Amino acid sequence: MPAPTLNRTQTAYLTHCGGCHGIEGVSGPTFVPMLRDTVGTFACSEEGRRYLVQVPGVSMSLIRDDQELADVMNFVLFTLGGKSTPATAKPYTAAEIHEWRQSPMSVTDFMERRAHILQNAVAACQTHKPT
Ligand code: HEC
């Protein structure tokens, strides 16, 4: 039986993100946020989409190539995000990554900022739902 192989994007995620966030996006009971089936909620708002790129682990990632980081973020959003990702979510482009990673989030009240952005995104998700 051939060994399962990972593509370039999965390998990049594994190497640069998986150590903290887990191979499957499940980080366990730590202060590292869970990605699997949760991260997609942020994509309901533009602010949330931008937030996901501006968190320090992403914006300051050693993945310096913008397209490669866009691919990793799309893997995070559309694969790990699972059912939390809205059907209307737009894939990240290299240009967006390039622009947003120039301003990494550095705030002293990070968890408060995150809660606020998440709250707005949850509200936006409601209005995106097909009626
Ligand atoms: C050194 C550990 C570490 C690495 C490496 C890391 N992260 Fe993170 N990540 C965190 C922590 C901790 C947070 C919470 C915010 C903070 O304190 O910076 C976070 C936040 C996030 C968030 C926001 C999720 C939310 O619910 O708020 C996303 C998305 C994310 N990381 C994706 C990635 C991706 C993609 C990579 C690889 C390019 C990566 N991270 C690399 C530790 C890490």
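A residue counts as buried when its relative accessible area is under 20%, as exposed when that area is over 50%, and as partly exposed in between. The structure described here is a predicted model, and it holds seven salt bridges. Side chains of opposite charge can pair when their charged atoms come close. The points below take up several of these pairs and the surroundings of their residues.

**A pair between helix 1 and helix 5**
- R8 and E68 form a salt bridge in which the closest N and O atoms are 3.5 Å apart.
- This pair links distant parts of the chain, since R8 belongs to helix 1 (residues 8-16) and E68 to helix 5 (residues 66-80), 60 residues apart.
- R8 is exposed, with a relative accessible area of 57%, whereas E68 is buried, with a value of 17%.

**A pair within one loop**
- R36 forms a salt bridge with E24, and their closest N and O atoms lie 3.2 Å apart.
- Both R36 and E24 lie in the loop between helix 2 (18-21) and helix 3 (46-54), so the pair ties together parts that are twelve residues apart in sequence.
- E24 has a relative accessibility of 47% and therefore counts as partly exposed, while R36 is partly exposed at 26%.

**A pair that belongs to a network**
- The side chains of E46 and K90 meet in a salt bridge, with an N to O distance of 3.6 Å.
- E46 sits in helix 3 and K90 in the loop between helix 5 and helix 6 (94-100), so that distant parts of the chain, 44 residues apart, are linked.
- E46 is partly exposed at 40% relative accessibility, and K90 is partly exposed with a relative accessible area of 45%.
- E46 and K90 are linked with R49 and E96 in a network of salt bridges.

Conventions
Residues are numbered from 1 along each chain as its sequence is written. This is a predicted model: local features need pLDDT of at least 70, side-chain atom pairs count only at pLDDT 80 or more; totals for chains, interfaces and linings use all residues. Side-chain values use heavy atoms; hydrogens and water are left out. A salt bridge is a side-chain nitrogen of Lys or Arg within 4 Å of a carboxyl oxygen of Asp or Glu. Helices (H or I, at least four residues) and strands (E, at least two) are DSSP runs, numbered from the N terminus. Buried means under 20% relative accessible area, exposed over 50%, partly exposed in between (1.4 Å probe, protein chains only).
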